[in-house]
Amino acid sequence: MSAPHVTGIGLLAPTGMGVEQYWSATLAGACGIGKVTRFDTAGYPAVLAGEVDGFEAREHLSSRMLPQTDHMTRMALVASDWALADAGVKPDELPDFAAGVVTASSAGGFEFGHRELEALWSKGSDHVSAYQSFAWFYAVNTGQISIRQGLRGPGGVVVTEQSGGLDVLAMARRRLRDGAELMLAGGVDSGLCPWGWVAQIASDRLSYRDDPARAYLPFDTDATGFVPGEGGAILVVENDVRPGARSYGTIAGHASTFDPPAGSGRPGTLRRAIENALADAGADAAEVDVVFADAAGVPELDRAEAVAITEVFGPVPVTAPKAGVGRLYSGGASLDVVAALLAIRDEVVPPTPNVARLAPGIDLDLVVGRPRHKKIRTALVVARGYGGYNSAVVLRAS
Amino acid sequence: MDNSARPARRVVVTGIGVVAPGGTGRAAFWDLISNGRTATRRITFFDPSPFRSQVAAECDFDPIERGLTPRQARRMDRAAQFAVVAAREAVTDSGLAVDPARTGVAVGSAVGCTTGLEQEYSVVSDSGRKWHVDNNYAVPQLFDYYVPSSISSEVAWDVGAEGPVALISTGCTSGLDAVGHGRDVIAEGGADVVIAGATDAPISPITLACFDAIKATTNRNDEPHTASRPFDRSRNGFVLAEAAAVFVLEEREHARRRGARIYAEISGFATRCNAFHMTGLRPDGREMAEAIRVALAQGRIAPTEVDYVNAHGSGTKQNDRHETAAVKITLGEHAYRTPMSSIKSMIGHSLGAIGSVEIAACLLAMEHDVLPPTANLHEPDPECDLDYIPLVAREKRADVVLTVGSGFGGFQSAMVLDRRSA
Amino acid sequence: MMTLAELVAIIRECAGDSDVADLDGDVLDVSFEDLGYDSLAMLEAAGQTQRRYAVTLVDDAVVEARTPREFLTLVNGELTRVG
């Protein structure tokens, strides 16, 4: 089976909107984490987030769309526009039913839902909006993108917390194998409202530091949790590259596994996910030039990931540019895939911002400080979702 | 335009588990629907009088009675409880010994942990008084409610699966799409077994309020037992429900080698988007028709071979006409000879779960050679002129069954079940 | 009593500004459909109208009010009846 190509990218990240702005900031090791500005964090232990700055929905979307969309859906719609433009594709020129949309979600349009819950509970049921019937649910981005772009091919939605951005590529690949010509695939997420924030705090994985340069330090001896972020990416994935178009790289392999429950005595399955992804790509571990890590920022999770990577690869360059934007839930792994594809394109590994000293027992060649120039033919992206999800994707130069 | 070759690895169903209004368990569920009884009633979970629609199909379900520990019952949202209980019944039914690395899970849900989230919201917000909700009152499982993949995690932990696991959330087609996803995973070799199905427990004030706002649910509150009236002239919306159905999906040779009882093969599945409107449907049903066409083609099934159609039949004015049109496009004249029924007439519309519950109904119909009826159908809408098996179940052998679904966001899905090749 | 200007303000708030018509123009007898608003948008506008003017608008009547004039007639009829 041939591997499909990524031919277009639309993205919004705390370090930039659009591919080139994001990439130059990422190569510079920029940090887009700062104090939360969307709501008042007084009284909450976590106070930092990676926010997408300068996104004015009104500049990109008709006012008709605004009352019926959560902030994250607005970003996703714009990302889908940018991805198709980047790929040079006009949806209405595609054959009918030939193109579809698959997105990853985590909590849906949670801020929209928060406002509606408040309206219901403080004022009464007749104050709930007609749009609540769809604006918050997990399928909303796939639905709204398919309508906006006129795509009547297959539609799908996967929820695997932070590994969704990889699993959605596997979904796209399946649909491309059984008849679709083009799939939009990715995740764009945001949970920046008090109700969402309190829910995220309940995960017990957030960092409570208030210094943006010291809060989210994956693999570091001072790791203490992660910082949430918003944003993500929508990719155009096609079986073939159109004449005159360009391929960022191919999705060569994917695998996902699930960890047994804590206390079962059975080993974790991250290593197997990585090995299965390599097998799916027909790749030896030795071919992998760089690993983009999941980088949970929680010490025991960092250790488990480091062990799995070392057992499979021995020494290999590892990086986690997400330390500069936060963990973006269903948008995170999509953004990591973009970073890996750009690393392939430009033959350079971006650094992991802010990390200074590896924790004892973490024996990784983590790229820090400056980007590392290296020819990259094959990249591995790892993502883990809360609740046991492990996924890995192998990307190759086309 | 589709090159969906028949997959080399074929997928069959070897176990069924159900939690439904009217009865937990396969047997209770089949008893209700084959006898044409309805489980719709005035809402009892909370006072429904502030709402426009005050009826629902509720499950009489006690998690402890159903085998969950108090700790599990406290931790899990109701939707997760349903899924775990249904999964256990399915695995027992199949006689399967789980091989963790080769077993995956795919659970569908449209609204995830809505019930748990709303309960927690009322606490941390002090009943909506505070926008700046109080994290000191948040329970640890609030994050599990926040991201509904916690539901598929609970099922995976309970059955011991360590292969590919996912929650599929495509609105009201989640129940079909999760089973389709499980089939995909087996077909491409990622697992030999997938515990696949769907669950939703949406009967909570916020859900009632949002469907009231668009008048999608029926307000026939004075006749709760006959409020769900798919295809009937007097229908005026769906009845909200809760339920779960879970299956053991297995690679066909794997099932044959261990002598498993096979209900049927999933010989075709396809999904399309209408790209039209988040809640509205065009009456021509063209995208659902395309999903049906592709699903039939995958199984090399001619329209005339379809013995029974399990309808989406939600009981809204627009849906029942939309899918009648889609079935006529794809089955042609044969549509008039093919019985078609909606079990939502009896157990309401459990959103993301119902697609799986309807697959269970199809498989049990095939097992018993009896097709469930459409209850409450006394005077069909003149634009709905097919044979919807009104009121009384029909004895008929069904070897090939088509089941369809339609959901907010424009999702249109179709699945074909075939027991001839099983 | 509800005026056209107030109705237009509610529609803009609930469903955004029209992409296809000038809502500040002579729209009293232009159908909502021609103004670019579907039934969902009008359900939302009806809900907002009910909340703001403290009237109850019967289901079927809302669906049948196809133009701003018909909608205002419905609302103001209710306000008069109750008032």
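**Chain B: strands, helices and overall build**

Across from B:Gly15, the bridge partner in strand S9(B) is B:Val248. The model is predicted.

- Strand S1(B) spans residues 11–20.
- Is this strand buried or exposed? 10 of its 10 residues are buried, so S1(B) is largely enclosed by the rest of the structure.
- S1(B) and S2(B) form a hairpin with 2 residues between the strands. In this hairpin, B:Gly22 takes a positive phi near 95°.
- In a regular strand, side chains alternate between the two faces of the sheet.

**Helices H3 and H6 of chain B**

- Two packed helices are described by the angle between their axes and the distance between those axes.
- H3(B) runs over residues 78–94, and H6(B) over residues 149–159.
- At what angle do H3(B) and H6(B) pack? The angle is about 35°, and the axes lie 9 Å apart.
- Their crossing is right-handed.
- From H3(B), the residues that meet H6(B) include B:Ala79, B:Ala83, B:Ala87 and B:Val91. On the H6(B) side, B:Ile151, B:Val155 and B:Val159 are among them.
- By class, this contact has 9 nonpolar, 1 polar and 3 charged residues.

**Chain B as a whole**

- Chain B holds 13 helices and 16 strands.
- Its radius of gyration is 20 Å, close to the 22 Å that the globule rule gives for 422 residues, so chain B is as compact as a globular protein of that length.
- Its C-alpha atoms fill a box of roughly 60 × 50 × 40 Å along the principal axes.
- Of the 422 residues, 67% count as buried.
- Among contacts in chain B with a separation of 6 or more, 81% come from residues 24 or more positions apart.

**Where chain A touches chain C**

- 11 residues of chain A are in contact with 11 residues of chain C.
- The chain A side of this contact divides into 5 nonpolar, 4 polar and 2 charged residues.

Notes
Residues are numbered from 1 along each chain as its sequence is written. Chains are lettered from A and ligands numbered from 1 in the order in which they are written. This is a predicted model: local features need pLDDT of at least 70, side-chain atom pairs count only at pLDDT 80 or more; totals for chains, interfaces and linings use all residues. Two residues are in contact if their C-beta atoms, placed from the backbone, lie within 7 Å. Ala, Val, Leu, Ile, Met, Phe, Trp, Tyr, Cys and Pro count as nonpolar, Asp, Glu, Lys and Arg as charged, and the others, Gly among them, as polar. A residue is buried if 20 or more other C-beta atoms lie within 10 Å of its own, exposed if 12 or fewer, and partly exposed in between; C-beta atoms are placed from the backbone. Helices (H or I, at least four residues) and strands (E, at least two) are DSSP runs, numbered from the N terminus. Two strands pair if DSSP finds at least two bridges between them. Axes are lines fitted to C-alpha atoms, for helices over the stretch in contact, and angles run from 0 to 180 degrees between N-to-C directions. A crossing is left-handed if the near helix is turned anticlockwise from the far one by less than a right angle, and right-handed if clockwise. The radius of gyration is taken over C-alpha atoms; the globule rule is 2.2 Å times the number of residues to the power 0.38.
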